[in-house]
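Work through the exercises below with the sequence and the 3D view open. Each task is followed by a solution in steps.

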Amino acid sequence: MSTMDEIEEESRAAAEKMVMNMMQRPGQLEKVEQYKKRITHKKASIEAQLKSAVQGKLDGVRVGLRQLQECLDDVKQTNLKMDELEDLLTGVPPLVASLQAVREEDSRHSQYVTAMDSLKHIFTVPESVAKTKQWIGEGKLLHAHQCLSDLENSRDDLLYELHRLPNQSSHDKIMLKAYFEDVEMVSNLLEKQIKLILARTLNTVRKEPTVIVTALRIIEREEKRDQMAIQQQDQSGFMPPGRPKNWRTKSFEVLECAVAQRVEGTRVDEREDNKLWLIRYLELTRQLILEDLRVVKTLCVPCFPPHYDIVNKYVNMYHTCLSSSLQDIVQNGLEGNEYVTLLSWILNTYPGTELMGSPEVNVDVSILPPLLSEEVMQKLQDEYLQKMESNYMEWMEKTLESERAEWAGERSPDVEPHTSAFHTHAPVIIFQMIDQNLQVTETISKEITFKALLLSIDQVTRFGNMYREGVIQFKNAHFADRSRVAYFTHHMITIVNNSEQMVRLAQQTQSRRWPPALHHPPAERSFQRLLDTFQSLRDEAAKFLLEEAFLDLEEHFDDLFTAKWLTSSIPVDTICVTLEDYFQDYNHLREKNFEYVINEAQNLVYKKYITAMLSKKITFKTVDEAQQAATKIVKEANQIRSFFRRIALNAEGVNVDWPFEVISVLAEVLRCQDIEMLSLDLHGLLEKCPDVSEEQLVRLLALRGDVPRAHVRDTVTHVRAARQPRAQPHPALPQLFKNITFNDRLLSHFTL
């Protein structure tokens, strides 16, 4: 009651508050009647809802009470029935013994029923077997299978009844099996016929797909019976003879065997019969697989049950059989270009649009295991590169022997029509061979192409070293007896041209074959080593070329700066004439080589001229003699410069003025009248030629007999001290004083 009173008080307070809110303005008094009607309607509506809710709850309680009463009645009834059932079960045990005879009679009745049902098959087994054989022979496989199934059912039912007997008779089992042994024979005959059909699947499906469908229907029926037999074995321990047959598994084995035979059948040639046997085998295999998989996708898919997944099965079978065949080929060994053929086919043709990647087949080979393992593929690549290396070595040795034979021959080298340069075809042939090998490896992969490029670089470098040894032997043999080789100069010109051409061809090969944006320091060092090998060989051969010419000029250089020289121009005239004669042959050098030889010849001439000047073969006792000698030196230097300027008319890389300027400075030292001014001339010499040594300065001043030894020593010491630290020579200008040495010890006479 207290709760109701509280609720009533709260309701009254809420109502007062609501009325106060409604009557805040005078104009709202006119709407009092409207407010009362609205509240009255709302109250009536709430009371109606409340009555309805209470009535619904009451009805629910009434239904619940009624159901509880029914449940109570059911429980009482169940208890009564349970009591009655317990009373009835007490009489069951005595009935077991009394019904034993009934059970035995039921078992016999079951066997008799089975025997009666199978009588028609038992008595007609020979006839049914013969009929089944006839149907198999006529290709009526469904009829044959139905008849076979009836025979097997009769046999299996009888054997099962024997299996159920408590005291099983082995004699009865043996007798039944012997009576039905022809059934097993017919089953094997049908299995053989189905295998024969499946072995010809790809041919049969084109003409008679129904034959394939029939065989597959029989296989699926036998698979179901296998499953039933296994279930029966789990339940009763009885397994019919010959079960499970596993014809589906055997069918895939037959298909795989047929695929293996088809793949092997494309190998129609052997290496002894046809050098292109591998190319032909792989091409026939490609055509076979492409056509067969096209047939599988278009014709076999409608015939085979979906769960056979026949397309992927065939893809895997062809892949496996092809892998096995290729492994046999690899194990038997490959020769020559067979490596390229096989590697290219595996890496490019097989997964490419010509076979598995074609729109008609569209097989992603990345989900398949590799045709050959990574180890085998790497071994094949290594063996191929080893063969390439062996071929390079053999061919380049033969090339060197051919070059040596030409050097020893009595014939001048060939001349290029457009340059008139002496040459042989060796450089072009070498790089053609390299280019051909690289073109071949490009059909395999970029990785092996780069490896082949590095191998080629190393082999050409090796050839360059062998070539250099041969050139040195050729040069030494010639200088030992210069009458033995008639065309030494011509062949040495050829060697210079060939070496320069090797550098040029190597650079062209690099620009064409080097992978773009590749940074590979070891490879770059190998390539630079190749360039350095032939560049140094070019320079060395050019020096050998000039060495022959300067052997003829040696005695004329010895005549320089002697008493005879003062009154004669014969030595320098002879030097210029002899060199001009040699340069008639040097015109057969290519332009760059010709410029290099001119520079080297010019430097050698001036070095030998300076060496003769500083060799202390003559002393100019007076200033007049020194001035006359200086005038002659400048004249001869001008003569030499004019000679080189004439032969280097179109050579842009030849500086004929620099050596002349050096000789002019040396002459000015001799021309100087005031010995106190010699230091200025020496300073000018050191400015122009920082490589001048102390001994060479002493020897230069020693040519003047009018200069005391002490003054020579002091002047040189003062000049060199003023030049400390010594300036480095300009790298682009020849160092004429470098490596000029003397046998006598003139410097010791000018030291304290």
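A surface patch is made of residues with over 30% relative accessible area and no salt bridge; like charges are joined within 9 Å, and nonpolar side chains (Val, Leu, Ile, Met, Phe, Trp, Tyr) within 5 Å. A salt bridge is a side-chain nitrogen of Lys or Arg within 4 Å of a carboxyl oxygen of Asp or Glu. Accessible areas come from the Shrake-Rupley method with a 1.4 Å probe, and for residues only the protein chains shown count as cover.

The model is predicted: local features need pLDDT of at least 70, side-chain atom pairs count only at pLDDT 80 or more, and totals for chains, interfaces and linings use all residues. Residues are numbered from 1 along each chain as its sequence is written, and side-chain values use heavy atoms, with hydrogens and water left out.

**Exercise 1.** Find the residues of the nonpolar patch on the surface and the helix that gives the most to it.

Step 1. The patch consists of Met 82, Leu 85, Leu 88, Leu 89, Val 92 and Val 96, with about 560 Å² of accessible area together.

Step 2. Helix H2 (residues 32-89) gives the most, with four residues. Helices (H or I, at least four residues) are DSSP runs, numbered from the N terminus.

Step 3. Leu 89 lies in helix H2. Its relative accessibility is 49%, so Leu 89 counts as partly exposed (buried is under 20% relative accessible area, exposed over 50%, partly exposed in between, with a 1.4 Å probe and protein chains only).

**Exercise 2.** Decide how the rings of Trp 407 and Phe 474 are arranged, and which helices they join.

Step 1. Rings of Phe, Tyr and Trp (its six-membered ring) pair if their centres lie within 6.5 Å; planes under 30 degrees apart count as stacked, over 60 as edge-to-face and the rest as tilted. The whole structure holds 20 aromatic pairs.

Step 2. For Trp 407 and Phe 474, the centres are 5.1 Å apart and the planes at 25°, a stacked pair.

Step 3. Trp 407 belongs to helix H15 (residues 374-407) and Phe 474 to helix H17 (residues 446-480), so the pair ties together parts 67 residues apart in sequence. Both Trp 407 and Phe 474 are buried.

**Exercise 3.** Classify the pair formed by Phe 583 and Tyr 586.

Step 1. Their ring centres are 4.8 Å apart and their planes at 80°, so the pair is edge-to-face.

Step 2. Both residues lie in helix H20 (residues 570-586), three residues apart, about one turn of the helix.

Step 3. Phe 583 and Tyr 586 are both buried.

Conventions. Helix = DSSP H or I, 4+ residues; strand = E, 2+ residues; numbered from the N terminus.
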